[in-house]
Amino acid sequence: MRLVYISLLLLFSWAGQLAAQTAPCGVSLADGAVIKAQMMENRRNINLAQINRQNMTYIPLSLHLVGNEAGEGFALGSNAIEMLCKLNADYADQNIFFYLHGPLHYIYDDVIYDDAYNNTGQVRMSSYKVPNSLNVFVSNNVSRSVAGYYTPSYDFVFIKNGYANGSSTTITHELGHFFTLPHTFYGWEGVDARSQYGGAPAPVIINGRLVENVDRSVGANCASAADGFCDTEADYISERFNCPVSTNLQDPTGSPLQINSDYFMSYSSDNCQNTFSQEQKNAMLSDIANRGWSNFPAPSNMDTLDGRQIQGISPINNDFAQEVNGQIRLEWDTTGASSANQWILTVERTFNGIPIAQVYFASVMNQNFTYIPRAALSNNHQFRWAVKPLHPAYTCSPSSNYFHFQTGFATNTTALSTAAENQLRIFPNPIQNGPLQLQLSSLENSSASLAIYALDGRILWEKQGLAISAGKQELQLQIPQLAAGQYFVLIRSDKQVWRQAFIKQ
Ligand SMILES: [Zn+2]
């Protein structure tokens, strides 16, 4: 039974890889027209000669991973941040550098999770956008087969889970749209040119759009037809295709097409794509200027990190995990990654050393330890954990090695609620939007940490350095907006732990 389960997992991940080559981009013909109009507008208004191309342009990118409200379906954070690594490799020759803006955002939202393509989902994603940054959302379910899309209406980029990694060119392509690039085959969306028009001259108009000719001499239509660029060859293929490609397509004058599969903005397979043309680069540079995005400050730290040198401190060596107050403390050293400010933690259950399920993940900020709820781990099983270090300008580090541990049978956890002085009151409860109001008593002055957990044990929000005074007190905390549901708060000082459940209406 177990073996069947493992092979099914392998099968699914193999199917996921296969799909990564085939799904198209979700930019509609109508949105493509809006994108092209902005590009033409920028071409009229922006004077490229005034832009210094030698300066690096730094662009802050907010990365949002969306799962459902039960905490399921999130893309792997360690994969998702590698998108920035791929992106920076693909934009390096343009002196454009994308860096992570703020922590990785985990969003628990059924509306987006149910369909990240329909308008309701798009409106909801739009509400999570972080101003003055490029917003990229990653989620798993879309109502039609797409790898990603850019929407001019809401001005964000969406990437489907399976394409949020360090090898797919989907992010590179969608950011091309974000910065006004149309598809090289603009106008042919939804038309199977090879089967409908192969071997004969193409029509002059397709889908109401002027068809691009092969000819590049004076008076050619390349500057206005299709993508509006003369240094990208005419391209009529609107399905994903493998390279090299040869077709019997002809332009309206009967000239045979030589389709270039190198362009990120074509639909060639990811492994064929490797470039933007100079005119495409000019258009992106113009849009960056038009957005007023030419002068974001450089990140303070550009160090590289190497997670492979990190040593686990505890639990390691297949030890039994020590449980304190219902939690297990994971700790690691920072060798090779001392300038990391964020760590993506994954904990997997293993069977005979083989990973069979991810059971916990978290994004840990500014410290090389974290607590995970014992309830997230089943009894008497084996697990492994790893951390991937990053800072805003470096998301390319490999993860640490895996550190192994096991759980025993359920033990008697310290009964928190028996200590009257550890009582925590939340008022009102249920809470509405607005600050979280707490009442507690402390034995001494201390600096505490506070975490809000989802029911499945995932940390949704953490605050370090919470000042607590001896005696009874009330605290007001501005917390991020939570989806309706049940949560609990855990506050921990050196001497005391407070815990209380609450409901968000
Ligand atoms: Zn596209």
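Predicted model: local features only at pLDDT ≥ 70, side-chain atom pairs only at ≥ 80, totals over all residues.
Residues are numbered from 1 along each chain as its sequence is written.

Ala 226 has a phi near 50°, a positive value in a residue other than glycine, and lies in the loop between strand 8 and helix 9; helices (H or I, at least four residues) and strands (E, at least two) are DSSP runs, numbered from the N terminus. Asn 380 also is not a glycine and has a positive phi, of about 55°, but this residue is exposed, with 10 other C-beta atoms within 10 Å. Asn 380 sits in the loop between strand 15 (369-373) and strand 16 (382-390). Most residues other than glycine have a negative phi, and most peptide bonds are trans.

|---|---|---|
| Cys 243 to Pro 244 | near -5° | between strand 8 (209-210) and helix 9 (278-290) |
| Asn 429 to Pro 430 | about 10° | between strand 18 (424-426) and strand 19 (436-442) |

The protein chain is divided into domain 1 (29-181), domain 2 (183-275), domain 3 (307-406) and domain 4 (416-504), with bounds that come from an automatic or database domain assignment. The centres of domain 1 and domain 2, taken over C-alpha atoms, are separated by 25 Å. Twelve residues of domain 1 are in contact with nine residues of domain 2, contact being counted if the C-beta atoms of two residues, placed from the backbone, lie within 7 Å. On the side of domain 1 that touches domain 2, helix 2 (29-45) and helix 7 (170-178) are the elements that give two or more residues, and helix 2 provides the largest share, five residues.

Helix 7 is mostly covered, with nine of its nine residues buried. The cover over these buried residues includes helix 2, helix 4 (82-91) and strand 4 (134-139). Just after helix 7, Thr 180 takes a positive phi of about 80°.

The largest nonpolar core has 100 residues, of which Leu 61, Leu 65, Ile 81, Val 138 and Leu 345 touch the most other members; such a core is a set of buried Ala, Val, Leu, Ile, Met, Phe, Trp, Tyr and Cys residues joined through C-beta atoms within 7 Å. Strand 20 gives the largest share of this core, six residues. Apart from it lies another core, of 19 residues, which has Trp 188, Ala 202, Cys 222 and Ala 226 among its members.

Strand 20 (residues 446-454) and strand 23 (residues 485-492) pair in the antiparallel sense over six bridges, and Leu 450 has Ile 491 in strand 23 as its bridge partner.

Technical notes. Pairing = 2+ DSSP bridges. Buried ≥ 20, exposed ≤ 12 C-beta atoms within 10 Å, placed from the backbone.
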